[in-house]
Amino acid sequence: MSSLFYPREPRCKICNSPIRDEIDQMLLGNQLTEHGERWCLEAIVEWARERGLNTSMAALSRHKNNHLNPAVQAALETERMVEAISAATGRKLSVARAYANAVLAKTLRILDDLEWDRLDTDQKLRAVTHGLRAGEVLSRLERADVRQEVATKVEKTLSEAGISQDLLQKVREIYGLA
């Protein structure tokens, strides 16, 4: 699952290894042994050693429990949130847009919980700026989603009307989708 993104923990050898994605696949059970079985920790450690990563079962277990599993859990929560928002609004959200929604919601909760009377002017300004940035990102994603939706409808209508591929390409360029 190399598409799973999570931060590299600076002190974790596995997080910082060029074979991290493959190790993660083995730990998740997405990559099987040549016999079609799930990898055990001992076999993963040996496999990693053969590729120059000297690690231990304890380090592998810590990586799985402290770095990989929380990232998988966050990805599942994001997916559930996307589905819930889509069901509530009737619109399919991109993962980027759902993530921006989550960041904005968290930012607003943090701003709401701040003790404003204890903050100096600089701190208040930074807090508001972060909130505005989160809102701006969501707004840009919303506009991009709408632009894509409109362009798709226009392209479909023009295609059905028999418009040439050259003209359709120009429409894509106008909408910034080429």
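The side chains of arginine 118 and glutamate 115 meet in a salt bridge, with 3.2 Å from N to O. The model is predicted. Arginine 118 is exposed, at a relative accessible area of 66%. Glutamate 115 is partly exposed, at 45% relative accessibility. A search of the whole structure gives 3 salt bridges.

Another of these links glutamate 160 to lysine 156. Here the closest N and O atoms are 3.5 Å apart. Both residues lie in helix H5, which covers residues 121–160. Glutamate 160 and lysine 156 are 4 residues apart, about one turn of the helix. Glutamate 160 is exposed, with 60% relative accessibility. Lysine 156 is also exposed, with a relative accessible area of 53%.

Glutamate 50 counts as exposed, at 56% relative accessibility. Arginine 51 has a relative accessible area of 45% and is partly exposed. Side chains of opposite charge can pair when their charged atoms come close.

The overall fold is considered next. The secondary structure of the protein comes to 6 helices and 0 strands. From the N terminus on, the order of elements is α-α-α-α-α-α. The protein has 178 residues, of which 26% count as buried. The accessible surface comes to about 12300 Å². Carbon and sulfur atoms hold 54% of that surface. Among contacts in the protein with a separation of 6 or more, 48% are between residues 24 or more positions apart.

The largest nonpolar core holds 16 residues. Within this core, Ile23, Ile44, Trp47 and Leu60 touch the most other members. The elements that give two or more residues to the core are helix H1 (20–28), helix H2 (41–50) and helix H3 (57–89). H2 supplies the largest share, 4 residues. Isoleucine 44 touches Ile23, Met26, Leu27, Trp39 and Leu60, with residues up to four places away in sequence not counted.

Tryptophan 39 and tryptophan 47 are both buried. A pair of aromatic rings is described by the distance of the centres and the angle of the planes. The structure holds 1 aromatic pair. Tryptophan 39 and tryptophan 47 form this pair, at 6.4 Å centre to centre. The planes stand at 70 degrees, and the geometry is edge-to-face. The angle is classed this way because edge-to-face applies to planes over 60 degrees apart.

Serine 17 is found in the segment before H1. This residue is buried, with a relative accessible area of 6%. Serine 17 touches Arg8 and Leu53, not counting residues up to four places away in sequence. Serine 17 and leucine 53 are 36 residues apart along the chain. Their C-alpha atoms are separated by 7.4 Å.

The cysteines complete the account. The structure holds 0 disulfides. The sulfur of cysteine 15 has its closest cysteine sulfur in cysteine 12, at 3.8 Å. This distance is too far for a bond, because a disulfide requires sulfur atoms within 2.5 Å. Cysteine 15 is buried, at 0% relative accessibility. Cysteine 40 is partly exposed, with 38% relative accessibility.

Notes:
Residues are numbered from 1 along each chain as its sequence is written. This is a predicted model: local features need pLDDT of at least 70, side-chain atom pairs count only at pLDDT 80 or more; totals for chains, interfaces and linings use all residues. Side-chain values use heavy atoms; hydrogens and water are left out. Rings of Phe, Tyr and Trp (its six-membered ring) pair if their centres lie within 6.5 Å; planes under 30 degrees apart count as stacked, over 60 as edge-to-face and the rest as tilted. Buried means under 20% relative accessible area, exposed over 50%, partly exposed in between (1.4 Å probe, protein chains only). A nonpolar core is a set of buried Ala, Val, Leu, Ile, Met, Phe, Trp, Tyr and Cys residues joined through side-chain atoms within 4.5 Å. Contact means heavy atoms within 4.5 Å. A salt bridge is a side-chain nitrogen of Lys or Arg within 4 Å of a carboxyl oxygen of Asp or Glu. Accessible areas come from the Shrake-Rupley method with a 1.4 Å probe; for residues, only the protein chains shown count as cover.
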